[in-house]
Amino acid sequence: MRNTFSFKDRKEILQNLENETYDVLIIGGGITGAGIALDAVSRGMKTALIEKGDFASGTSSKSTKLIHGGLRYLKHFDFWLVYEVGSERAIVHKLAPHLVVPKKMILPIIEGGTYGTWLTSVGLKIYDLLAHVSEEDKRKMLTKNETLELEPLLLSDALKGAGYYAEYRTDDARLTLEVIKTAAYFGASILNYSEVKEFIYENNKVNGVRVFDTISEKTIEIKAKYIVNAAGPWVDSLREKDDISTEKQLQLTKGIHIVVDHEKLPLKNAIYFDAPDGRMLFAIPRENKTYIGTTDTKYDESLENIKVSMPDVLYLLHSANHMFYNIQLSLNDIEATWAGLRPLILQQGKSASEISRKDEIFVSKSGLISIAGGKLTGYRKMAERVVDLLSDNFRKQHRQKFKSIQTHKIPLTKNKFKNNEEVEKYIDTIFFKLKYLENGLLEAKRLVHTFGKQTDEILKIACINNEELTIEEILKAEIQYSIENEMVIKPEDFVGRRTSLLLFNIEKLKEQKELILNEFSNYFSWNEEQFEEEKKKLDQLIYDTSNFY
Ligand code: FAD
């Protein structure tokens, strides 16, 4: 077992990747690849994972950030999916209680809306049963007055009541990263910023990849008995390098979100509400912001630079203003946006929202195993299916036996919380240490929901010469911690995925930009030219996040 996951380990990881023959090599460091890596290595397989950008830089940092039971799939009679993702919520919450946080959701029943009173009541009841919802979290049906008491901002004229039920909120990128880190501690060789360019074959069977490491600018070959393509929206681009001719293909759909200040849309609860066109949207309070999403439109443009378009933004604004009609949000209220692509399996004749979210595994003639579809929430089960297949292959083709699945009992941080109550108590202790800060409680919550008990290590770094820490000292310590323990290489990794400064605190990011760049510059010994280049990239990222086209 290794103890660190740092930039400093890169040279050693590269050497291992070149010298070893792995049981399984996974392409893609999103939640799907991360889940497979942890499952495989914890069953005893020699495992490697390669990611072309930063971990979770694809769809796995662009979701609605819910670990949810998929209530909307009931509408499509996808009972199996509701059962599976619903059961998974409870398991993932147990593995990382600070990252998968219970969140009550209101589903308003509106005159002429998607779900009437009967369908909401019966739907949520089935949902409770299928998703194994605990007694205290079982759905309640609310009258109009009870609903307005809980959420006075709702459109009151057409409101008939609401369903009140439980979901879980997460930080998708951090969840992915904690799974990746855990796989690395188990001994998997994992590298970001290295792209699989080609497959290598022997006797028409794929047994390796050629990889370009963009940091050392070196090309290496990695050998493995089995190769898994978990490249999300890029799954088909990789299959095209192998053989895609006989198989189903992907249908990508785009979803965007917008972020406004909580004061502009001061919701007390998360709401799952009707858009005027009959689709359902989420409005979710988080830190001191509220975010709204998502859209679902077929997509066949560039995979590298997904733009948030003005029509999509206007659609979300219009829908939110319809439901919260005393609040008229405008384009100027939008502080940040993000866009992501769902890697779904093409189903001819179905609209974007109708396409099933179920995952599928494809095995090509050369033996390349590809997986697509699915949800963040179901990552562990998707991984189980792939690793069961690998296990089976090892047994039949190599007479080698591996353990059965372990991931349901592997906590996703080194020092895990027992339950939600312990998370809340820990937030109180951190708040006690930071209570002199203007937003001490908010800062304590942010740190704990981001880093869990690793917050102690961050405060230890920050405290070396100081008792009363400033926000700047904490920020510097977070940067140092994530470079030394979370394979951060670029400022965008830190602001966009190790923390959510970019999406949920872009003002602080703008204020602290120079400090962040200076910290990275000191750590990585950038010259002036490198500093200017990274500054330009960070400015562009901030611009792209706060503008639409
Ligand atoms: P990705 O996260 O895209 O990972 C694939 C990785 O492969 C990328 O990081 C990419 O850089 C890498 N890669 C590609 N090519 C190569 C190569 N040649 N070499 C090396 N690496 C390569 N699910 C939920 O459960 N809850 C939600 O609330 C939710 N909301 C969503 C909202 C939106 C708008 C969208 C788009 C999706 C949502 N989902 C949600 C679904 C969920 O986010 C995705 O199913 C999941 O993140 C997909 O993960 P992935 O690992 O398959 O793909």
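Biologist: Why does Ser 87 count as buried?

Modeller: Buried means under 20% relative accessible area, exposed over 50%, and partly exposed in between, using a 1.4 Å probe and protein chains only. Ser 87 has 16% relative accessibility, so Ser 87 counts as buried. This is a predicted model, in which local features need pLDDT of at least 70, side-chain atom pairs count only at pLDDT 80 or more, and totals for chains, interfaces and linings use all residues. Residues are numbered from 1 along each chain as its sequence is written, and side-chain values use heavy atoms, with hydrogens and water left out.

Biologist: What is Ser 87 in contact with, leaving aside neighbours within four places in sequence?

Modeller: Leu 130, Ala 131 and His 132 are in contact with Ser 87, where contact means heavy atoms within 4.5 Å.

Biologist: What makes Arg 43 and Asp 388 a salt bridge?

Modeller: The term requires a side-chain nitrogen of Lys or Arg within 4 Å of a carboxyl oxygen of Asp or Glu. For Arg 43 and Asp 388 the closest N and O atoms are 2.9 Å apart. Arg 43 lies in the loop between helix 2 (31-42) and strand 2 (47-50) and Asp 388 in helix 10 (residues 379-398), so the pair ties together parts 345 residues apart in sequence. Helices (H or I, at least four residues) and strands (E, at least two) are DSSP runs, numbered from the N terminus.
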